[in-house]
Amino acid sequence: MSIIQNTKFLFILMTFFCSESQILAADGTSFHLAAGGAGVFYIKQDYGESTFSQFAPEAVVYGYLPIFHHFWFRPGFRINYSWLQPDMPQAFQIKETDLRYMLETGLVFDWVILPSLTYAFGYTYRNTTLVTNYPIVSVNDSVSGSENIFYSHLQLGIGFPIMSGFIVIEPFGRFVMVQNDYRFKWAYGLETTFQIF
C-alpha cells in the first residue's frame with residue numbers, strides 16, 4: 001500500500017471508531033421505551049463439580065434516558081420463570097420452580113453498537129416439591145414449600161441495532177447472586193427488544 005492508501009485506510013478506520021452516529025438519539029427525542037423478551041441459561045451446580053444449564057424465558061421493559069453525551073441511563077423491569085430439573089431417580093425427586101422478578105438500573109453507550117452494564121435486584125419466588133414413586137411409598141416431607149429469596153445479578157451486554165435501533169438484539173452474560181443458594185453463579189442469554197416510542 002502507498003502512503004496515500006494507508007492514510008485513506010486510517011481515516012476510514014478512525015471515522016468508523018470515532019463515529020458520532022447515535023442510534024438512541026437519531027430521532028432527537030430525550031426518552032425511549034422498549035419491551036421484548038429473552039432466553040436465559042442459568043448455569044446451576046447440581047452435581048458437585050458438574051453443572052446443569054437451566055433455561056428460563058424472560059420478559060423485559062426498558063426506559064432510556066440521556067445523561068451525558070453518548071451515555072444513557074436504562075432503568076428496567078424483568079421477569080423470568082424456570083422449571084427444568086437435572087436428572088434424578090424416578091423414585092425420589094425434588095422439583096424446584098423459580099419465578100424471578102427484578103428491577104434494574106443500567107448504563108448504555110450509544111454508538112454503532114450499544115454496550116451496556118446493568119445491575120438487577122429483586123426476588124425469586126421458589127416453589128419446592130418432593131415427589132416420590134414406587135418403591136418409596138411414603139416419606140416424612142419437610143422439603144416441600146415456597147419462599148421468597150433475594151436475587152441480584154450484574155450483566156454485561158452488547159446490543160446490535162437493526163432498522164435504526166427499532167429492534168435491538170443483545171447477547172449478554174451475567175454474574176448471579178442468590179441468597180443462601182450457592183448453586184447459581186453464571187448465566188448467559190440473548191434478548192430482543194422493540195422500541196415502543
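Guide: Buried means under 20% relative accessible area, exposed means over 50%, and partly exposed lies in between. The model is predicted.

Visitor: Why is Tyr81 called partly exposed?

Guide: Tyr81 has 36% relative accessibility.

Visitor: What makes Tyr81 and Trp83 a stacked pair?

Guide: Ring centres must lie within 6.5 Å, and planes under 30 degrees apart count as stacked. The centres of Tyr81 and Trp83 are 6.0 Å apart and the planes meet at 15°, so the pair is stacked. Trp83, at 38% relative accessibility, also counts as partly exposed. The structure holds twelve aromatic pairs.

Visitor: Why is the pair of Tyr123 and Phe150 called edge-to-face?

Guide: Planes over 60 degrees apart take that label. Here the planes stand at 80° with the centres 5.8 Å apart, so Tyr123 and Phe150 are edge-to-face. The pair links distant parts of the chain, with Tyr123 in strand E5 and Phe150 in strand E6, 27 residues apart. Tyr123 has a relative accessible area of 39% and is partly exposed; Phe150, at 32%, counts as partly exposed too. Elsewhere, ring pairs link Phe41, Phe55 and Tyr188 into a cluster.

Visitor: Which helices and strands make up the chain, and in what pattern?

Guide: The protein chain has one helix and eight strands. Along the sequence the pattern is α-β-β-β-β-β-β-β-β. Of its 197 residues, 34% count as buried. Among contacts between residues at least 6 apart in sequence, 60% join residues at least 24 apart. The accessible surface is about 11,400 Å², and 69% of this belongs to carbon and sulfur atoms.

Visitor: How do you know that Arg126 and Asp98 form a salt bridge?

Guide: The test is a side-chain nitrogen of Lys or Arg within 4 Å of a carboxyl oxygen of Asp or Glu. For Arg126 and Asp98 the closest N and O atoms are 2.8 Å apart, and the pair forms a salt bridge. Arg126 lies in strand E5 (residues 114-132) and Asp98 in strand E4, so the pair ties together parts that are 28 residues apart in sequence. Salt bridges that share partners join Lys44, Glu96, Asp98, Arg100, Arg126, Asp181 and Arg183 into one network.

Visitor: What makes Arg126 and Asp98 buried or exposed?

Guide: The limit for buried is under 20%. Arg126 has 5% relative accessibility, so Arg126 counts as buried. Asp98 has a relative accessible area of 2%, so Asp98 is buried as well.

Visitor: Where is Asp181, and which side chain does Asp181 contact?

Guide: Asp181 is found in the loop between strand E7 (167-178) and strand E8 (184-195). A polar contact of 2.7 Å joins the side chains of Asp181 and Arg126. With a relative accessible area of 6%, Asp181 falls under the 20% limit and is therefore buried.

Visitor: What are the N to O distances in the salt bridges of Arg78 with Glu104 and of Glu170 with Arg74?

Guide: Arg78 and Glu104 meet in a salt bridge at 2.6 Å, N to O. Arg78 lies in strand E3 and Glu104 in strand E4 (residues 92-109), so this pair ties together parts that are 26 residues apart in sequence. Arg78 and Glu104 are buried. Glu170 and Arg74 form a salt bridge with their closest N and O atoms 3.2 Å apart. Glu170 is in strand E7 and Arg74 in strand E3 (residues 71-82), 96 residues apart. Both Glu170 and Arg74 are buried. By the 4 Å rule, the count comes to eleven salt bridges.

Visitor: Which residues have the most contacts inside the largest nonpolar core?

Guide: That core has 13 residues, and those with the most contacts inside it are Val40, Tyr42, Tyr151, Val176, Val178, Phe184 and Ala187. Strand E1 (32-47), strand E6 (145-162), E7 and E8 each give two or more residues to this core. Apart from it lies another core of ten residues, including Ala34, Trp72, Leu114 and Val168.

Conventions: Residues numbered from 1 in each chain as written. Predicted model: local features only at pLDDT ≥ 70, side-chain atom pairs only at ≥ 80, totals over all residues. Heavy atoms only, no water. Helix = DSSP H or I, 4+ residues; strand = E, 2+ residues; numbered from the N terminus. Buried < 20%, exposed > 50% of the residue type's maximum accessible area, 1.4 Å probe, protein only. Contact = heavy atoms within 4.5 Å. Areas by Shrake-Rupley, 256 points an atom, 1.4 Å probe, with all protein chains shown as cover. Polar contact = N/O pair within 3.5 Å; in protein donor to acceptor, adjacent residues only side chain to side chain. Core = buried A, V, L, I, M, F, W, Y, C linked by side-chain atoms within 4.5 Å.
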